[in-house]
Amino acid sequence: MARELQHGATIWDVARKAGVSITTVSHSLNGKGNISEATRERVRAVASEMGYVADAMARGLRSSKMNAIGLVFRSLDSLGNYGPNGVDVFMKLAGAAAAETLNRNLGLMLVPDLSRGPLPPFSMSLDGYIVFAPHLDDPVVALLEKRGIPYVTWDRDPGRPDFRNWVAHDDAASTRVVLNHLAAAGAGSIAYVGGTDRNAWNFDCEAAYVAWCLETGKEPRIYHVPERDGVEGGRQVGARILGDGMPGAVFCLTGRHASGAAQAMQERGVRIPGDLLVCTGSDSEHSRQHKPSISALDVDIPAAAAALVERLCEVMEGKSGSDPVLLAARFLHRKSTSPGKTRNQQKRGF
């Protein structure tokens with residue numbers, strides 16, 4: 001589908017508005033030259049506001065079809081680390097999406113945060129984008145909207161309730177699967193550990209947890225840990241949870257937090273699953289390799305990639321307006337949530 005940028009700003013326009021030379025604009029956008037960071041950021045902000053595309057060839061291609069789409073991982077953008085230790089779901093999804101695009105005679109480009117420069121060549125000339133886990137008021141989504149670039153998202157956009165072109169697991173239903181499993185395994189109370197990224201995954205899972213607690217008469221116990229804190233953040237929250245009184249189970253959205261929390265509790269003499277059940281909402285190497293292995297919700301990666309690419313192709317062809325695609329998450333039952341005798345029961349010979 002041919003498209004045109006909404007802005008025809010030139011490098012001279014940017015230089016004039018920023019009050020600098022065109023050389024300073026070029027160096028600021030390309031990370032070159034001996035320029036102060038304040039000047040560099042000011043030039044980038046002006047260029048972004050004016051819709052300026054620095055690459056001349058990309059500007060020439062802005063109304064042509066590239067036969068390529070982009071993939072942006074907003075979860076990794078917020079981490080500031082595109083290869084977090086032990087987390088493989090993102091690269092698996094990228095590989096599956098690449099296979100899907102190749103099957104459609106398309107290319108796939110992995111692109112870092114589009115709201116920060118300098119951007120890779122042609123990034124603003126791609127035919128469309130998959131945005132993984134957009135944040136509330138996400139600047140990347142705002143930029144794609146501003147440029148008129150078709151896009152779809154993994155998980156709903158929490159700031160655009162009318163946006164329908166998204167694919168996700170049913171986070172509310174998946175959360176209830178975990179909570180019901182933990183309760184059936186004997187957990188009288190369940191502590192919930194969510195992240196701090198302002199995305200639908202965090203919002204919807206926590207809302208489902210609170211609703212479940214109200215329905216079952218449980219007292220909610222909610223903790224938040226920044227995603228970037230990883231295993232160490234999990235260790236810290238594990239100590240906090242014990243300090244508040246040990247629950248029957250802990251449900252951590254991320255695998256790294258779950259592993260860290262389990263480590264901290266085991267070091268303090270807590271037996272898993274004998275004294276405490278542990279589960280995570282995102283499978284990872286940490287949850288698989290922990291002793292005992294930690295039960296997890298898992299992404300159906302091939303189904304997710306196929307649905308995202310198919311929906312984006314429909315949007316690029318002008319076929320929008322369908323309902324979002326909800327996929328069923330897979331629950332991986334492992335040793336950390338196996339029901340068994342508690343320490344008190346064993347002492348009494350039950």
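Okay, housekeeping. We're looking at a predicted model, where local features need pLDDT of at least 70, side-chain atom pairs count only at pLDDT 80 or more, and totals for chains, interfaces and linings use all residues. Residues are numbered from 1 along each chain as its sequence is written, and side-chain values use heavy atoms, with hydrogens and water left out.

Let's start with the sheet. When I say strand, I mean a DSSP run of E with at least two residues; a helix is a run of H or I with at least four, and both are numbered from the N terminus. Two strands pair if DSSP finds at least two bridges between them.

Strand 3, residues 128–132, runs parallel to strand 4, residues 151–154, and four bridges join the two.

On to the salt bridges, meaning a side-chain nitrogen of Lys or Arg within 4 Å of a carboxyl oxygen of Asp or Glu. How many does the structure hold? There are 24 of them.

Here's a local one: Asp13 and Arg16, at 3.2 Å, N to O. They're three residues apart in helix 1 (residues 11–18), so about one helical turn separates them. For exposure, buried is under 20% relative accessible area, exposed is over 50%, and partly exposed is in between, with a 1.4 Å probe and protein chains only. Asp13 is partly exposed at 23%, while Arg16 is exposed at 61%.

Next, Asp113 with Arg74, where the closest N and O atoms are 3.5 Å apart. Asp113 is in the loop between strand 2 and strand 3 and Arg74 is in helix 5 (residues 74–79), so this pair ties together parts 39 residues apart in sequence. Asp113 is buried at 11%, and Arg74 is buried too, at 4%.

Last pair: Asp88 and Arg288, with closest N and O atoms 2.7 Å apart. Asp88 sits in the loop between helix 5 and helix 6 (89–103), Arg288 in helix 12 (residues 285–289), and they're 200 residues apart. Asp88 is partly exposed at 23%, and so is Arg288 at 25%. Which residues join these two in a salt-bridge network? Lys92, Asp283, Glu285 and Arg334 are linked in with Asp88 and Arg288.
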